[in-house]
Amino acid sequence: MYSEPKKDFNIFLNNKEINTKETKERKIILESKPLILGVIINDWCNLDCIMCLDSRHKNQYTLSAPALWKIKELLPYLERIDWQGGEFFHLSYVKEIFLFMKKYPHIKHTITTNGLLLNEEWIELLLHLNTAVTFSIDSPRKKTYEYIRRGGSYNELIERLNLIINLEQKYKRRLERYLTVVVMKSNYLHLAEFVEFAKKYGFSSVFFSPVRHLNNEENIFKYINKDIQKYLNEIMCDLKSRFAESGIEFKCNLPDSCKKLDVGQNELPIKNGGNLLCDLPWKGMFICGERNGDIVPDCWCLQPIGNIFQNTLLEVWNNTKMQEYRRRIAAYDMGLCSECYAQD
């Protein structure tokens, strides 16, 4: 891996220290630069999953190379970049940007993908960066996987997971990888099988989340079946124990079934007196390709603070719109964050 010059790493550490102090003090105009950047590159996907909204993956929006290269000015300061799509592994200029970022090994790259477009070149690149990849896999069974993830090949998925293992052995490096499962009627009986699946293919974490958006019998959390709910309630404690024995972190936010389990969840910031304590406008920004390049403090936020096709990232970091986010949240006014707030 590229060895980062000490001077560059000190720039990162100094910025992080200043940002921590400014966040705690709820300053409105910051001297520090962002620590976190989110990037939704496009709205295209190679699959047509049964639980995805019709409005998603229309292939209407993609961040161009010039727009995406605007992240370059933030790289000395960033602690993490969250990469999302659709899927973007087919875009050659995205690979060029990842190659360039070997110069900044302090940046943690988190990627969410179905994994089917990963090839040897991409996997080798990710192995030489500080990367964590979350794979969306909804069943360890071929027939069900291909039913849910329409257009996907289970055999190709397994080929890519095995390729990762082989390349890890070749380079003596590990690709940190997690597994996320959208639970629905078609796959709820398969959840216990993910223990061995995750162990076999080197996943360090498994996360069960409920299906959303579907308005049919697949949505077992909207059209509640008491027998299904009873089954899920009964198996969760056993699954928690089995994952722990396998050395795999277990996360779950299924309604009722996981409520009493002491397992990690993707939680929103903690409430205080009925208000969310949100640090996002102090910590970073999100570039939303699927919103035609809008820049927001986080992808849930309603009001853009700029647009990547019109602005640079540092131009909007302390502009009046971002200041308004910080000022209102510091005053426990969540009016600009109503969609995120509604999730709690």
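Before I start, a reminder to myself on handedness: a crossing counts as left-handed if the near helix is turned anticlockwise from the far one by less than a right angle, and as right-handed if the turn is clockwise. I also keep in mind that this is a predicted model.

**Entry 1: the whole chain**

I began with the overall picture. I find twelve helices and twelve strands in the protein chain. The radius of gyration comes out at 21 Å, close to the 20 Å that the globule rule gives for 344 residues, so the chain is as compact as a globular protein of that length. Along the principal axes, the C-alpha trace spans about 55 × 50 × 40 Å. I looked up burial too: 49% of the 344 residues are buried. For contacts with a separation of 6 or more, 69% are between residues 24 or more positions apart.

**Entry 2: α3 against α4**

Next I looked at a helix pair. Two packed helices are described by the angle between their axes and the distance between the axes. For helix α3 (residues 92-100) and helix α4 (residues 120-127), I get an angle of about 25° and axes 10 Å apart. Angles under 35 degrees count as roughly parallel, and α3 and α4 are therefore roughly parallel to each other. Back to my reminder: α3 passes α4 in a left-handed crossing.

Who touches whom? On the α3 side I list V94, K95, F98 and L99, and these meet E121, W122, L125 and L126 in α4. Sorted by class, this contact has six nonpolar residues, two charged ones and no polar ones.

**Entry 3: what α3 buries**

I stayed with α3 and asked which of its residues are buried. My list reads Y93, V94, K95, I97, F98 and F100. The cover over these buried residues includes α2 (65-68), β2 (80-84), β3 (108-113) and α4.

The cut-off for buried is under 20% relative accessible area, and I97 counts as buried because its relative accessibility is 2%. Leaving out residues up to four places away in sequence, I97 touches L68, W69, I71 and W83.

**Entry 4: α4 against α6**

Then I turned to the other pairing of α4 on my list. α4 and helix α6 (residues 154-171) pack at about 50°, with their axes 10 Å apart. I note that α4 and α6 are therefore oblique to each other. The crossing of α4 and α6 is right-handed.

From α4, the contact uses E120, I123, E124 and L127, and from α6 it uses R160, L163, I164, L167, E168, K170 and Y171. The class count for α4 with α6 gives six nonpolar, five charged and no polar residues.

**Entry 5: a residue in a strand**

Last stop, T180, found in strand β5 (residues 176-183). Buried or exposed? At 15% relative accessibility, T180 counts as buried. With residues up to four places away in sequence left out, I see T180 touching T134, F135, S136, I137, D138, F207 and S209.

Terms used
Residues are numbered from 1 along each chain as its sequence is written. This is a predicted model: local features need pLDDT of at least 70, side-chain atom pairs count only at pLDDT 80 or more; totals for chains, interfaces and linings use all residues. Side-chain values use heavy atoms; hydrogens and water are left out. Axes are lines fitted to C-alpha atoms, for helices over the stretch in contact, and angles run from 0 to 180 degrees between N-to-C directions. Helices (H or I, at least four residues) and strands (E, at least two) are DSSP runs, numbered from the N terminus. Angles under 35 degrees count as roughly parallel, over 145 as roughly antiparallel, 65 to 115 as roughly perpendicular and the rest as oblique. Contact means heavy atoms within 4.5 Å. Ala, Val, Leu, Ile, Met, Phe, Trp, Tyr, Cys and Pro count as nonpolar, Asp, Glu, Lys and Arg as charged, and the others, Gly among them, as polar. The radius of gyration is taken over C-alpha atoms; the globule rule is 2.2 Å times the number of residues to the power 0.38. Buried means under 20% relative accessible area, exposed over 50%, partly exposed in between (1.4 Å probe, protein chains only).
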